[in-house]
Amino acid sequence: MQFDTLDAAFEFWKNYGGRTGFGVRKMYANKSRRDGQITTVIYACAKEGHRVPDKRDHLTKTPRAETRTECLVRLGLQFNRESSKFEVHDFVSEHNHVLHTEETCFMISTQRNLADGQTVHIDFATDSGLKPKAAHQFFSQQVGGRENLGYTERDQKNYLRSKRQKDMAYGEAGSLLRYLHNQSCENPSFQYAVQLDSEEQITNIFWADTRMIIAYAHFGDVITFDTTYSTNKEYRPFGVFAGFNHHRETIIFGAALLYDETAESFKWLFQTFLEAHKQKKPKTIFTDQDPAMAKALSEVLPDTFHGLCSWHIMQNGIKHLGYLMKEGSYFLTEFSACMYEHEEVEEFEDAWSAMLDRYNVCTNPWLLKTYEIKEKWAKCHMKEVFTIGMRSTQLSESLNSDLKDHLKSDMDIIRFFNQFERVANDKHYKELEAEYNSRQKLPRVKVQKSHVLQQAAKVYTPAIFEKYFQEEFDWSSAAIIKQHEDST
């Protein structure tokens with residue numbers, strides 16, 4: 001058998017592998033020292049050889065699955081100078097592994113390819129607002145099934161990610177800087193910063209407009225920071241600094257688009273956040289259990305109390321200890337009590353030890369690690385911490401959910417910024433609504449004869465007065481003084 005070109009030969013080998021049920025790879029090629037002509041080529045099964053051991057394997061929690069089996073199947077070609085063609089001189093057909101079935105051959109990596117026309121369709125679909133999964137299902141139905149499409153959903157996601165990275169590196173960098181510059185020219189209080197990598201490509205972006213700067217000056221003592229889309233590699237991590245205002249409405253102090261979620265990126269972000277807000281440091285900040293974030297906070301904000309989001313802890317508890325939460329189990333209730341109810345350290349320690357013994361989890365790694373940082377989440381250790389009743393980052397997550405449908409991988413940065421502005425304006429409108437209602441409607445005072453409540457109703461906003469001050473006042477009226485009997 002002869003081939004005019006190596007491309008034709010490899011195309012034949014790929015098609016043969018697709019029909020037979022195995023992936024292919026180029027093993028090696030030899031060149032003539034005299035004229036540089038390729039003289040021999042070996043094409044092999046994708047499972048040939050073995051993976052070289054990686055010294056970092058012991059650090060990897062979930063290493064890649066092994067795929068090579070030292071399969072000997074190969075096709076050897078030799079260049080014939082007389083005919084100027086490549087001839088087959090070696091062929092081994094017996095595999096040492098199970099071959100793919102006809103139904104799964106389309107999933108083999110060498111059988112998949114995104115054609116130019118297909119990428120155009122993907123671009124149109126995502127620009128029209130179709131999510132990647134829905135777009136992939138639509139394209140599959142058009143060609144009579146996924147096996148006829150020529151690429152998988154992961155290939156589509158990889159394409160969108162590569163396109164986004166390319167656009168950020170080249171096509172949109174100038175537009176981004178122009179947008180930020182125009183914003184700062186229109187409003188001198190607008191703050192922004194971009195971080196560049198060694199190749200001067202934009203990696204991390206932070207911004208805060210005038211309303212965010214003013215809001216932080218008034219309400220920035222307790223803040224939350226949360227990143228979204230961190231479990232979906234199709235999107236860049238989007239982080240929001242948020243808090244509460246005097247109407248108990250969510251307000252934004254700043255936002256960021258990050259390249260990754262490493263300690264270095266978070267460190268740059270927190271330093272930039274402080275610079276934008278004239279080095280005013282919050283008293284308390286709540287985040288999730290990200291170790292990279294914790295490391296950056298300890299370096300940039302060593303005097304700020306770092307609390308852990310109670311909702312994230314509960315979700316992690318369910319994830320790691322779900323087998324203990326079967327029907328009739330009170331583990332989650334007891335764990336929640338350790339977090340929210342016990343006000344004394346000794347009481348907490350007794351309840352924690354009893355819980356571990358009762359469910360036989362004294363050596364559970366996640367519980368041990370969580371206990372080591374109990375000062376960041378247990379109520380008994382947070383009695384002196386200024387939290388304004390905040391224990392979770394869910395207010396940040398509620399804002400992130402408003403942007404969920406607008407952080408597509410191929411959305412240009414200007415469209416994203418415009419969408420973020422609309423969401424921020426919606427939050428500001430809710431603040432205006434609360435301000436209007438506070439002036440339009442009278443607060444509900446339970447005890448009309450109480451001068452304390454009457455005065456407090458005029459000082460505090462309705463949300464703060466009704467939910468916090470008046471409730472605490474009710475509890476204070478229930479307090480009693482027990483007579484102490486001297487045993488002597």
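Trp207 is buried, with a relative accessible area of 3%. The model is predicted. Trp207 lies in strand S7 (residues 202-208), and the ring of Trp207 pairs with that of Phe417.

**Rings around Phe417**

- Phe417 is also buried, with a relative accessible area of 1%.
- The ring centres of Tyr179 and Phe417 are 4.9 Å apart and their planes are at 55°, so this pair is tilted.
- Tyr179 belongs to helix H5 (residues 173-186) and Phe417 to helix H14 (residues 413-440), so the pair links distant parts of the chain, 238 residues apart.
- Like Phe417, Tyr179 is buried.
- The rings of Trp207 and Phe417 also form a tilted pair, because their planes are at 45°, with the centres 4.4 Å apart.
- Since Trp207 is in strand S7 and Phe417 in helix H14, their pair ties together parts that are 210 residues apart in sequence.

**Other aromatic rings**

- The count of aromatic pairs in the model comes to 34.
- One cluster, linked by ring pairs, consists of Phe206, Tyr216, Phe225, Phe241, Phe253, Phe266, Phe270 and Phe273.
- Tyr216, one of the cluster members, has the charged end of Lys280 over its ring, 5.3 Å from the ring centre.
- The charged end of Lys26 sits over the ring of Phe10, at 4.8 Å from the centre of that ring.

**Strands S11 and S12**

- Strand S11 (residues 284-287) is covered on both faces: Thr284 and Phe286 are buried on one side, and Ile285 and Thr287 are buried on the other.
- S11 pairs with strand S12 (residues 305-308) in the parallel sense, over 4 bridges.
- Within this pairing, Ile285 has His306 of S12 as its bridge partner.
- Between S11 and S12 the chain passes through helix H8 (residues 291-300), and this β-α-β crossover is right-handed.

- Ser84 is not a glycine, yet it has a positive phi of about 55°.
- Ser84 is placed in the loop between strand S4 (74-80) and strand S5 (85-92).
- Because its relative accessibility is 44%, Ser84 counts as partly exposed.
- Lys278, again not a glycine, has a positive phi of about 55°.
- The loop that holds Lys278 runs between helix H7 (263-276) and S11.
- Lys278 has 74% relative accessibility and therefore counts as exposed.

Technical notes:
Residues are numbered from 1 along each chain as its sequence is written. This is a predicted model: local features need pLDDT of at least 70, side-chain atom pairs count only at pLDDT 80 or more; totals for chains, interfaces and linings use all residues. Side-chain values use heavy atoms; hydrogens and water are left out. Buried means under 20% relative accessible area, exposed over 50%, partly exposed in between (1.4 Å probe, protein chains only). Helices (H or I, at least four residues) and strands (E, at least two) are DSSP runs, numbered from the N terminus. Two strands pair if DSSP finds at least two bridges between them. A crossover is right-handed if, with the strands pointing away from the viewer, the path from the first strand over the helix to the second runs clockwise. Rings of Phe, Tyr and Trp (its six-membered ring) pair if their centres lie within 6.5 Å; planes under 30 degrees apart count as stacked, over 60 as edge-to-face and the rest as tilted. A charge sits over a ring if NZ of Lys or CZ of Arg is within 6 Å of the ring centre and within 35 degrees of the ring normal.
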